[in-house]
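Please read the report below alongside the sequence and the 3D view.

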2 protein chains.
Amino acid sequence: MGSLTFWYEFASPYSYIAMMRLEEVIGGTGLEVVYQPFLLGPLFQESGWETSPFLIYKAKGQHFFRDIVREADHYGLPPLQIRDEFPQGGLYGCRVALIGFDEGWGLEFSKALYRRQFVEGFSTSRMEDCVAVLEGLGIAGSDEIARRAGTDEIKARLRAVGAAAKEKGIFGAPSFVVGDELFWGNDRLERAVDWALKEA
Amino acid sequence: MGSLTFWYEFASPYSYIAMMRLEEVIGGTGLEVVYQPFLLGPLFQESGWETSPFLIYKAKGQHFFRDIVREADHYGLPPLQIRDEFPQGGLYGCRVALIGFDEGWGLEFSKALYRRQFVEGFSTSRMEDCVAVLEGLGIAGSDEIARRAGTDEIKARLRAVGAAAKEKGIFGAPSFVVGDELFWGNDRLERAVDWALKEA
């Protein structure tokens with residue numbers, strides 16, 4: 001049985017689209033998926049970008065904002081919303097998701113945070129947004145989760161995730177890693193799954 | 001009957017892949033395709049890039065050189081070659097192709113120039129490379145074509161193509177334009193064709 005690691009960034013609409021269709025593409029293949037939330041910001045800074053390249057490069061950004069709407073529609077997702085504030089910060093979402101994968105609700109939380117941002121059009125940058133999502137899912141102990149998300153342990157784990165992303169050559173989101181093979185972009189989900197099944 | 005304009009850059013492996021599969025994707029739909037060779041360089045310079053972003057951004061480039069080989073294989077094309085010199089200059093290829101579309105051999109020449117670069121692994125940067133391709137195709141008058149390719153008329157037409165690309169919001173290659181709708185990347189070929197058929 002093969003394995004694939006799905007690297008996703010909460011600010012990334014293409015990561016959202018990949019997240020929402022991943023399980024259907026995996027289907028009954030038996031492929032194991034490792035969900036890995038991460039932050040693109042530190043990697044972008046190494047390229048000299050202080051914000052999303054979609055804001056820096058105007059023509060690329062203009063296509064991006066149109067393309068994500070078309071792609072969401074293509075894959076049968078609800079109309080995609082982008083709030084005035086793009087990109088939304090993914091820091092708190094990542095910290096909470098790390099805890100969630102320890103506790104068994106990481107995937108459910110990640111999808112709900114994406115829906116809050118890209119379907120409902122709400123902010124997801126703040127811890128209070130994450131708390132609202134936890135409460136909406138009926139996950140108990142959101143105060144304790146918020147406290148733990150601010151601890152040095154979680155901060156160190158998120159830094160380690162960032163170091164691992166860099167080591168694997170990741171430069172954008174979503175990314176799919178199968179062994180040493182890196183696939184970038186929602187458009188490569190099927191390729192990565194095929195590769196993992198071939199390697200298995 | 002709908003229409004789609006295919007913007008391609010001779011230095012771009014993804015443009016090559018799109019070119020090689022375009023006719024099969026169009027199939028019997030009756031869709032009209034306008035072939036538009038252009039130069040990305042002047043557009044890249046507006047982003048502050050003096051060469052391919054795949055050379056500037058190392059991690060992105062590492063994925064690119066692997067991905068184009070996988071994608072060529074995925075689409076059943078011959079093993080994709082990248083010479084040491086990447087990107088190859090597309091200036092002379094563009095000028096000759098413009099003449100070719102006047103004279104009815106532009107598409108045949110464009111495909112042969114791509115094969116020379118990405119299948120055979122030869123240089124395509126120089127006029128003599130274009131001449132070799134013309135002679136390989138049995139197109140008569142390569143001396144006269146080479147002369148005409150250096151005229152102010154052809155240079156002005158190529159500048160006008162660049163201005164049109166910018167006006168349409170094009171920032172990368174390949175691009176597909178259907179009315180006011182811009183699709184970027186080989187991965188969007190099917191979307192662009194579907195859009196054109198829907199609009200028709």
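This is a predicted model: local features need pLDDT of at least 70, side-chain atom pairs count only at pLDDT 80 or more; totals for chains, interfaces and linings use all residues.

Chain A is superposed on chain B by a rotation of 180 degrees with 0.0 Å of shift along its axis, and the RMSD is 0.0 Å.

Residues are numbered from 1 along each chain as its sequence is written, chains are lettered from A and ligands numbered from 1 in the order in which they are written, and side-chain values use heavy atoms, with hydrogens and water left out.

**The sheet of chain B**

Chain B has an open sheet of four strands in the order 2-1-3-4, with mixed pairing. Helices (H or I, at least four residues) and strands (E, at least two) are DSSP runs numbered from the N terminus, and two strands pair if DSSP finds at least two bridges between them. Strand 2 (32-37) and strand 4 (181-184) of chain B are at the edges with a single partner strand each, so one side of each has no neighbour in the sheet. From one strand to the next, the twist averages 20 degrees.

Helix 5 (residues 91-103) of chain B packs on this sheet and touches strand 1 (3-8) and strand 2 of chain B; contact means heavy atoms within 4.5 Å. The direction of helix 5 makes about 145 degrees with that of strand 2 of chain B. Such angles run from 0 to 180 degrees between N-to-C directions, and axes are lines fitted to C-alpha atoms, for helices over the stretch in contact.

Pairings with their bridge counts:

| Strand pair | Sense | Bridges |
|---|---|---|
| Strand 1 and strand 2 of chain B | parallel | six bridges |
| Strand 3 (residues 175-178) and strand 4 of chain B | antiparallel | four bridges |
| Strand 1 (residues 3-8) and strand 3 of chain A | antiparallel | three bridges |

B:Phe6 has B:Tyr35 in strand 2 of chain B as its bridge partner, B:Ser175 has B:Trp184 in strand 4 of chain B, and A:Thr5 has A:Val177 in strand 3 of chain A.

**A helix pair in chain B**

The axes of helix 5 and helix 6 (residues 106-118) of chain B come within 7 Å and cross at roughly 150 degrees. That makes the two helices of chain B roughly antiparallel, a term used for angles over 145 degrees. Among the residues in contact are B:Val96 and B:Phe101 of helix 5 and B:Leu107 and B:Leu113 of helix 6 of chain B. The contact residues divide into six nonpolar, four polar and no charged. Here Ala, Val, Leu, Ile, Met, Phe, Trp, Tyr, Cys and Pro count as nonpolar, Asp, Glu, Lys and Arg as charged, and the others, Gly among them, as polar.

**Cis peptide bonds in chain A**

The bond from A:Phe86 to A:Pro87 is cis, with omega near -5 degrees. A:Pro87 sits in the loop between helix 4 (58-74) and helix 5 (91-103) of chain A. The bond from A:Ala173 to A:Pro174 is cis, with omega near 0 degrees, and A:Pro174 is in the loop between helix 9 (152-167) and strand 3 (175-178) of chain A.

Methods: Copies are superposed by least squares on the C-alpha atoms of residues with pLDDT of at least 70 in both. Angles under 35 degrees count as roughly parallel, over 145 as roughly antiparallel, 65 to 115 as roughly perpendicular and the rest as oblique.
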